[in-house]
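User: I'm new to this one and would like to go through a helix with you. Can you put it up?

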Amino acid sequence: MTVAVLFVCLGNICRSPTADAVFAHKARALGLHRRVHVDSAGTGDWHIGQAPDVRAQRHAARRGYDLSVLRARQVVPEDFRRFDFVLAMDRGNLADLQRLRPGPDGTEPQLLLGYGSSGLLEVPDPYYGGDEGFEQVLDLIEDAADALLAHIRATRL
Ligand code: 4NP
């Protein structure tokens, strides 16, 4: 049994590639990398084909996460069939995903931070802000990724 997890933000260059790399790293550390398929995508099309934002790469690298090989892509309707978890970074992404979902058979999108313990439900967009925004993205995602992995191990694997 494998589980497929898709992280979604607006541009697929800051938050969702960070979540992709953090979650994959944690799954690997638990020896679950062959049982968990991880990917990320954006609801927007502006950055298709681009590597993650250099600031996101730099902050993540300081914590041991390599974002450099990731390339942005846009969400497609098949994602709701291929992925068991479709996890939005904020309520705007969630609303867009609810519109893109092809029908009730497709995976129902959720907020990633619904699994976290920070008290926040949205990962704030760091794109127009400073360094502290990128650090907050990492803090929130690390916390939620641990809880999501625990949930998947308990219910799916
Ligand atoms: P992300 O951040 O959704 O976390 O990848 C953004 C990246 C680009 C833009 C907005 C947010 N943009 O407007 O181009």
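Analyst: One term before we start: contact means heavy atoms within 4.5 Å. Also, this is a predicted model.

User: OK. What covers the buried residues of α1?
Analyst: The cover includes the strands β1 (3-9) and β2 (36-42). It also includes the helices α2 (54-62), α4 (91-100) and α5 (131-155).

User: How many residues of α1 are buried?
Analyst: 12 of its 15 residues, so α1 counts as mostly covered. Among the buried ones are Arg 15, Asp 20, Phe 23 and Lys 26.

User: Where does α1 run, and what is its reach?
Analyst: α1 spans residues 15-29. From first C-alpha to last it reaches 21 Å, close to the 21 Å expected at 1.5 Å a residue.

User: What follows α1?
Analyst: Gly 31, which has a positive phi, near 75°.

User: Back to α5. At what angle do α1 and α5 pack?
Analyst: At about 45°, and their axes are 9 Å apart.

User: Is the crossing left-handed or right-handed?
Analyst: α1 passes α5 in a right-handed crossing.

User: Which residues meet there?
Analyst: From α1, Arg 15, Thr 18, Ala 19, Val 22, Phe 23, Lys 26 and Ala 27. Their partners in α5 include Val 137, Ile 141, Glu 142, Asp 146 and Ile 152.

User: How do the residues of that contact divide into nonpolar, polar and charged?
Analyst: The contact of α1 with α5 has 11 nonpolar residues, one polar and four charged.

Terms used:
Residues numbered from 1 in each chain as written. Predicted model: local features only at pLDDT ≥ 70, side-chain atom pairs only at ≥ 80, totals over all residues. Heavy atoms only, no water. Helix = DSSP H or I, 4+ residues; strand = E, 2+ residues; numbered from the N terminus. Expected span 1.5 Å × (residues − 1). Buried < 20%, exposed > 50% of the residue type's maximum accessible area, 1.4 Å probe, protein only. Axes fitted to C-alpha atoms, helices over the stretch in contact; angles between N-to-C directions. Left-handed = near helix turned anticlockwise from the far one by under 90°. Nonpolar A, V, L, I, M, F, W, Y, C, P; charged D, E, K, R; others polar.
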